[in-house]
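Here is a short briefing to read alongside the model on your screen. Take a look at the structure, then work through the points below.

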Amino acid sequence: MANEENFHVVRHSQVATNGITMHVAEQGDISAPPVLLIHGFPELWLSWRHQMAALAANGYRAIAPDLRGYGDTDVPADPAAYTIFHIVGDLIGLLDHLELPRVFVVGIDWGAIAAWHLCLFRPDRVKALVNLAYPYFPRHPSIKPMDSFKALGEGFYITQLQEPGRAETSIAQYGALTTLKKIFSIKMENLCAPPRMEIVDFLEAPTSLPEWISEDELQYFAEKFQKNGFTGPLNYYRNLDTNWTLTAPWQGAKILVPTKFIVGDKDIGFKTFGTEMHIKSGGFKAIVPDLDVVILNGCYHFIQQEKAEEVTSEILSYFSSLS
């Protein structure tokens, strides 16, 4: 019988992996089936606090790292050290360190992108996947991501984030706390600033926090981002075209791992990136054949926090059905 005390205690460690030191938070019995939780932008291991407690209480071992550039994990100075190969390599090194040959995986946003590529590169290490917010899109054989994003205008957030230092200058004017409040409170469908306006300026500064995060939790996030800055996390976006080049050997490859995908119908990407059409046209299922899709009504992007109970229930039911 698992020790119940372990359900309520989050254990923290520093793990050497792939040339960096990675901070890892864990909850649950170490002999229980492992679940790797991969956060997105601009998040941390703490983004999975609800899922970690529930997974531990239901007989799983929750493992939630801070990705490279985030929190208490190393922040490499070289912008080229944030490719998808680096990110997935960090996760493989973590699993090797923990001596875990295969794991369940959950990802959101950039963590979902990392999880898709973990399944693409190393399907032998993944039992099943639950991904949130960002679906798997096929790699275009000839058009780079930034060429397609430029069609959305100079104010489109990903286009603005490409220039080193540009977003950082705007963020510095507000500080980490206000910047995070702005991002966590996004309720628009299209993140595109008007002409001659920076995207961080364009985002509304809310008078109150979203209901799903407390002042103490926001303060924890803010302290980590104030310490490290945002450049490491922004370098993920600045490697989109590099990732496109590096993944040429996987042109046309499918994700064959059993997968559940969950998205909010008010998520900024649901309309902007064509996620809704991708799902409903059958294009998504064509490249992820073993796929279940859940669309949560009335919720936005950070769904593992905003709709914690619903998302956790979907994760638990899916993994238990495959165990």
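The buried residues of α4 are W110, G111, A112, I113, A114, A115, W116, H117, L118, C119, L120 and F121, where buried means under 20% relative accessible area, exposed means over 50% and partly exposed lies in between (1.4 Å probe, protein chains only). That makes α4 mostly covered, with 12 of its 12 residues buried. Please keep in mind that this is a predicted model, in which local features need pLDDT of at least 70, side-chain atom pairs count only at pLDDT 80 or more, and totals for chains, interfaces and linings use all residues. Residues are numbered from 1 along each chain as its sequence is written, and side-chain values use heavy atoms, with hydrogens and water left out.

**Length of α4**

- The end C-alpha atoms of α4 (residues 110-121) are 16 Å apart, which agrees with the 16 Å that its 12 residues should span at 1.5 Å a residue.
- The expected span of a helix is 1.5 Å times one less than its number of residues.

**The whole chain**

- The protein chain has 16 helices and eight strands; helices (H or I, at least four residues) and strands (E, at least two) are DSSP runs, numbered from the N terminus.
- Its radius of gyration is 19 Å, close to the 20 Å from the globule rule for 323 residues, so the chain is as compact as a globular protein of that length. The radius is taken over C-alpha atoms, and the rule is 2.2 Å times the number of residues to the power 0.38.
- Along the principal axes, the C-alpha atoms fill a box of roughly 60 × 45 × 40 Å.
- Of the 323 residues in the protein chain, 55% are buried.
- Among contacts (heavy atoms within 4.5 Å) with a separation of 6 or more, 76% join residues 24 or more positions apart.
- The accessible surface comes to about 13,400 Å², and 54% of that belongs to carbon and sulfur atoms. Accessible areas come from the Shrake-Rupley method with a 1.4 Å probe; for residues, only the protein chains shown count as cover.

**Backbone points to check**

- Most residues other than glycine have a negative phi, and most peptide bonds are trans.
- N18 has a positive phi of about 55° although it is not a glycine. N18 is found in the loop between β1 (11-17) and β2 (20-27), and is partly exposed at a relative accessible area of 42%.
- R196 also is not a glycine, and its phi is positive, near 60°. R196 lies in the loop between α7 (166-184) and α8 and counts as exposed at 83% relative accessibility.
- The peptide bond from F41 to P42 is cis, with omega near -10°; P42 sits in the loop between β3 (34-38) and α2.
- Just after α2, G59 takes a positive phi of about 90°.

**Two residues in their surroundings**

- H278 is in helix α13 (residues 275-280) and counts as buried at 10% relative accessibility. Leaving aside neighbours within four places in sequence, H278 is in contact with P135, Y136, F137, P138, G283, F284 and I287.
- E211 is found in the loop between α8 (199-202) and α9 (215-228), and is exposed, with a relative accessible area of 84%. E211 and S185 are 26 residues apart in sequence and 9.9 Å apart in space, C-alpha to C-alpha.
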